[in-house]
Amino acid sequence: MLAKMNNKISYLLNTVRCIHRCNSVLTPKSSATTRKHNLWLNIFPSLHGSSLRFVSQKTDVFSTGAKIQPEKSTEGLVSQQAPQRSLELEKLDDSGSFKVKHVMDHSEQFFSSLRKCTCPCDALDLASESAVSTKHFTSCLTTVWRLFKNLSEDQQRYEKQLIFEHPAFVKLCQQLLRDSRRMTRGDLVFSLHAMVNLGVPQNTLLVQTLLRVCQEKLNQLDNRCISVLATALAGLDKDKNVSALQAGLQLLVEQRIPSIRDIFILQNLMKCMGKDAPVFLKKKLEMAVLKERDHLTSPNALRVFLALVAMNYCSIPILNACSKKIQENVHDIPFWQLILILEGCSSLQYRNVKLFSALADYVTSAACLWDKRQIILLLSAFETLGFQPSELMGIFAEKVTEDPEFLNLKNLLIVLRVYSRLNYVPRSQKHLFFETLHSCLNKYLPQISNTELLKAVYSLCILGYLPHRALDELLQKDNRGELILSDDLYKEQKEVMLRCVKACMELDSPSFTKPAFVLTDNFPSLVSFNLRKAREALIELLGDENMFQQNVHLPYKYHIDFEIRMDSDRKKVLPIAATDDHADSSVQRLAFLFVPLSAFCVGTTHPQGKLAVKKRHLNRLGYHVILVLNKKFHEMTNEDAVEFLKGKIYSEDAFPFSEVTVQDNN
């Protein structure tokens, strides 16, 4: 009988200790004096007035005016049962004995209420009122993050302050700190993910503790948890715990890749591993995605595409598969993602004309609904890729002439750069378009910098338009030595631009007449390795190297690879020596320029601005210009190369490679 009574007393004391330990998890102890107070008066003290304070790793992360004592016990009232269960202590009889029974109603009601929360503070209020288990607290935290991320940027700034000042957030964070090693693996990584994304500082004790526990449980994480953890780490700076966890995670991912069949998880790992991941790991991730590409959906295709960009890994098979899906759903892609796609193609040096055309056609079809500034950003992204969306550029040129007031200086410079580099001149109202841009430029002359003035004038000159007022201002600055300083980092680039401007002033002037004779210098011994095949083909075709000149230097710093002179009927090639000493207007001069693929707009044989102005000026100097695509020429056999040059020399037209379609990555 005595033993039975002792058991009951022991059980009662253990229960009281459990309640007291639970209270110590939720509430910090204030001082030694407070610890001497009556036990029952300190079980549930008020948290009113508590505040959240973030400090360094060496101190406690939460302060309510006193230090938080380390929790030594591993058991307490907080339950570790499944989400749908909670524990309730119920008095059985007057003898004071208790029993623990499972109660499902409370958890069901709790999670039902949690699903009805419409803002982060609703979830925190619920945590304060009803949360009794670790699962409740972690669910509240993830709900806070889910509701927070759906808010606008302005709403997030306001709501973030409310979250951090909410008393329940202090309680929730204290609970997570104490229960971090008792959490399930899912709750652990989702809690870390939520804390990082809510902006809790990385050097706080809570975040660092969660990172350390993740290290301890790393091998227990399933593929989904690994994906969430990788996302959380991507948002953190390098420190001791983060670096250790990333190294372990990288090894674990390498082992798990063969077992991952979920495209969403794979793309997330690609994105989070980032550009610093070793090449062999990038290759393994690539192969895993390729195995699952038949299950690639349109939303996942965009995610995989952007993940490759984040990893800085150009996998042509995956990019082509993603591009096809993106084209199918292009009308569902928002503006900012269009920009990300184009910027990604640029960073990966990926050229897909079908993709670019689909994006450009989509924007063109809805151009009336797009803001002009959005179109400017898209045109700038296309320009970076060297792709000319001609129809869109024509429509936008009309918008500029109709309403030029929206063009501030920054947008004006972008428009000038885009149209000059892509060598686009509107077919209709060409003069009005140029005059409108010139008028806008004149408006900003009092405030424009020297560099911006040079860029603006250079762009207009490339297009064949001379902005006289801006030119006068530019030349005055040049004469005063203000335009290009001796210590300018971009001195050489600016000198090239200024030289082009001065050449345009002379050669594009209406008063300029074609000279009957042009002084040239040639350096045959300096022919580059890439041009040796062309030289050998010309010798075989013409019979003698005296029938052409190579590496010819002209006035205005222009250079041509090969020059051939012919009679007026273009039927006979003349020896260079026979026409060198006198001017003869009947002599036809052919200039061969062997140019790289990058000199043309992507997917076309339309020359970009620099090549276009050189071709125009050589024409003004009396040359018929023949543009030859280097890559295509070197792919020809020797016999085909001879036949190709023969066709170009003796044909009536001296235009570039019109019969060749420039290929993209497809």
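These questions and answers go through a few features of a predicted model.

Q: Why is Thr-364 called buried?
A: Buried means under 20% relative accessible area. Thr-364 has a relative accessibility of 12%, so Thr-364 counts as buried.

Q: Where does Thr-364 lie?
A: Thr-364 lies in helix α17, which covers residues 353-365.

Q: What makes the pair of Thr-364 and Ala-360 a polar contact?
A: A polar atom of the Thr-364 side chain lies 2.7 Å from the backbone oxygen of Ala-360. The cut-off for such a pair of N or O atoms is within 3.5 Å, and one atom must be able to donate a hydrogen and the other to accept it. The value of 2.7 Å therefore meets the distance cut-off of 3.5 Å.

Q: How do you know that strands β7 and β8 pair?
A: Two strands pair if there are at least two bridges between them. Strand β7 (residues 588-595) and β8 have 7 bridges, in the parallel sense, so they meet the requirement of at least two.

Q: Which residue of β8 does Arg-589 stand opposite?
A: Arg-589 stands opposite Tyr-623.

Q: What do β7, helix α27 and β8 make together?
A: They make a right-handed β-α-β unit, in which α27 covers residues 609-620. The unit is called right-handed because, with the strands pointing away from the viewer, the path from the first strand over the helix to the second runs clockwise.

Q: What lines the largest pocket?
A: The largest pocket has a volume of about 970 Å³ and is lined by 33 residues, with Tyr-458, Ile-462, Val-496, Met-497 and Lys-610 nearest its centre. Among the elements that give two or more residues to this lining are α20, α22, β7 and α27. The largest share, 7 residues, comes from α20.

Q: How do the residues of that lining of the largest pocket divide?
A: There are 17 nonpolar, 6 polar and 10 charged residues. Lys counts as charged and Ile as nonpolar, so Lys-610 and Ile-462, both in the lining, fall into those two classes.

Q: Which element gives the largest share of the lining of the second largest pocket?
A: Helix α5 does, with 7 residues. The second largest pocket holds about 810 Å³ of space. Of the 28 residues that line it, Trp-145, Lys-149, Phe-190, His-193 and Val-228 are the closest to its centre. The lining of this pocket divides into 11 nonpolar, 10 polar and 7 charged residues.

How values were computed: Residues numbered from 1 in each chain as written. Predicted model: local features only at pLDDT ≥ 70, side-chain atom pairs only at ≥ 80, totals over all residues. Heavy atoms only, no water. Helix = DSSP H or I, 4+ residues; strand = E, 2+ residues; numbered from the N terminus. 1 Å grid on protein atoms, 1.4 Å probe; cavity = no way out; pocket = protein on both sides within 12 Å on 5 of 7 lines; lining within 4 Å. Points joined across faces, edges and corners; volume = space filled by probe spheres on them. Buried < 20%, exposed > 50% of the residue type's maximum accessible area, 1.4 Å probe, protein only.
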